[in-house]
Amino acid sequence: MRSVIHTATRFSAAFFSSQSSQKSTSLFSAASIHLRKMARYLTELRGRPNATDYRVYLKTSDGKYISPFHDIPLYVADEQVGIMFFKSILFNMVVEIPRWSNAKMEIATKEPLNPIKQDVKKGKLRYVANIFPHKGYIWNYGALPQTWEDPSHTDKATMCCGDNDPIDVCEIGSKVCVTGQVIQVKVLGILALIDEGETDWKVIAINIEDPDASSLNSVEDVRKIKPGHLEATVDWFKKYKVPDGKPENQFAFNGQFKDKDFAIEVIKSTHSYWKALVMRKKMKVDEIVCQNSSLCESPFKCSDAEASTVVEAAAEYGEPLPVPSEVSKGHILL
């Protein structure tokens with residue numbers, strides 16, 4: 001077992017729209033009260049890095065295991081709902097993949113407590129290729145908790161269904177984060193990737209602790225302060241599957257970034273789909289696991305003891321296995 005403190009959370013509470021039902025409000029308000037008490041999130045590593053049994057579990061500073069998908073609030077707030085910082089609403093981001101790394105780490109949506117694991121396809125761990133001139137992922141890549149791109153919903157803007165995952169985030173700050181770190185970000189814009197016929201939104205955001213955070217408030221600011229960064233993002237997403245013999249990815253809106261206001265509306269919609277997800281009465285086989293430790297009225301809320309049992313059943317932490325030679329040479333394994 002290995003526990004690591006990754007980040008302090010300055011604020012922690014949920015943000016709800018004024019149109020939420022009283023039942024939903026009581027459910028998520030209870031979660032925000034629970035989470036506001038947290039000073040830090042920690043990670044507990046299980047299994048062996050570069051192996052299929054590797055997992056990164058999250059827990060509170062007092063040792064209570066949580067789901068990074070369901071228990072960490074989407075919105076960063078203080079006692080007042082929807083507090084503004086740098087004149088923007090802040091969001092919590094769960095870092096899955098550190099910048100410049102190749103392992104395709106992701107929240108395990110179909111496992112209890114949704115730990116972060118390395119994706120597997122056809123029995124092999126997945127890595128992304130180095131897309132010249134870049135090394136691995138070119139941002140800190142992760143997800144916004146308490147969001148869900150509903151595969152049964154056809155987006156009016158893209159005319160494609162959701163990809164059945166939390167909404168993705170590309171954090172463009174200068175700091176290299178670590179897997180499982182929870183950071184507070186400011187949303188700047190959004191890109192609509194169409195991945196094998198599904199809408200796969202990519203939120204562009206900046207860590208509020210980044211030196212440029214106060215100067216970055218829009219997509220246009222990114223063009224001025226970080227020239228070439230947005231163009232590199234489109235190029236990366238267009239080509240990252242090509243080394244595996246797949247065609248270039250396509251985009252809605254001709255690959256143009258939509259502004260911050262558009263992005264926040266998309267995030268709000270995915271938050272509403274998530275709310276409906278965790279309030280379902282039953283969970284079907286092979287569906288997203290909604291087990292959580294803080295949503296009081298969710299039928300999937302578990303006790304602290306039940307959550308501990310999940311983690312204790314996972315493999316003990318072990319020494320990392322060697323990275324496959326194909327990855328060190330920049331080749332992709334999908």
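**Labels and their grounds**

User: Which residues of helix H3 are buried?

Analyst: In H3, which covers residues 229-239, the buried residues are His 229, Leu 230, Ala 232, Thr 233, Val 234, Trp 236 and Phe 237. A residue is called buried under 20% relative accessible area, exposed over 50% and partly exposed in between (1.4 Å probe, protein chains only). Helices (H or I, at least four residues) and strands (E, at least two) are DSSP runs numbered from the N terminus. The model is predicted: local features require pLDDT of at least 70, side-chain atom pairs count only at pLDDT 80 or more, and totals for chains, interfaces and linings use all residues. Residues are numbered from 1 along each chain as its sequence is written, and side-chain values use heavy atoms, with hydrogens and water left out.

User: What do the buried residues of H3 pack against?

Analyst: They pack against helix H2 (219-225) and against strands S12 (140-143), S14 (168-171), S15 (182-195), S16 (198-207) and S17 (250-251). Contact here means heavy atoms within 4.5 Å. The protein has six helices and 18 strands, and 57% of its 334 residues count as buried. Among contacts with a separation of 6 or more, 69% join residues 24 or more positions apart.

User: What makes the pairing of Thr 158 with Thr 199 a polar contact?

Analyst: The two side chains approach to 2.6 Å. A polar contact is a pair of N or O atoms within 3.5 Å; within protein, one must be able to donate a hydrogen and the other to accept it, and residues adjacent in sequence count only if both atoms are side-chain atoms. The pair of Thr 158 and Thr 199 therefore qualifies.

User: How do you know how far apart Glu 111 and Ser 67 are in space?

Analyst: The C-alpha to C-alpha distance is 10.0 Å, across 44 residues of sequence. Ser 67 sits in the loop between strand S4 (65-66) and strand S5 (75-76). Because its relative accessibility is 0%, Ser 67 also counts as buried. The side chain of Ser 67 makes a polar contact of 2.6 Å with that of Asn 114, and one of its polar atoms lies 3.0 Å from the backbone nitrogen of His 70. Neighbours within four places aside, Ser 67 is in contact with Ile 72, Leu 113, Asn 114 and Gln 291.

User: Why is Asp 244 given its accessibility class?

Analyst: At 31% relative accessibility, Asp 244 falls in the middle class and so counts as partly exposed. Asp 244 lies in the loop between H3 and S17. Its C-alpha is 9.3 Å from that of Val 128, although 116 residues separate the two along the chain.

User: What makes the peptide bond from Phe 132 to Pro 133 stand out?

Analyst: This bond is cis, with omega near 5 degrees. Most residues other than glycine have a negative phi, and most peptide bonds are trans. Pro 133 is in the loop between strand S11 (124-125) and S12.

User: Which value of phi does Trp 100 have, and which does Met 159 have?

Analyst: Phi of Trp 100 is near 70 degrees, and phi of Met 159 is near 60 degrees. Each value is positive in a residue other than glycine. Trp 100 is in the loop between strand S7 (88-97) and S8, and its relative accessible area of 42% is why it is partly exposed. Met 159 is in the loop between S12 and S13; its 61% relative accessibility is why it counts as exposed.
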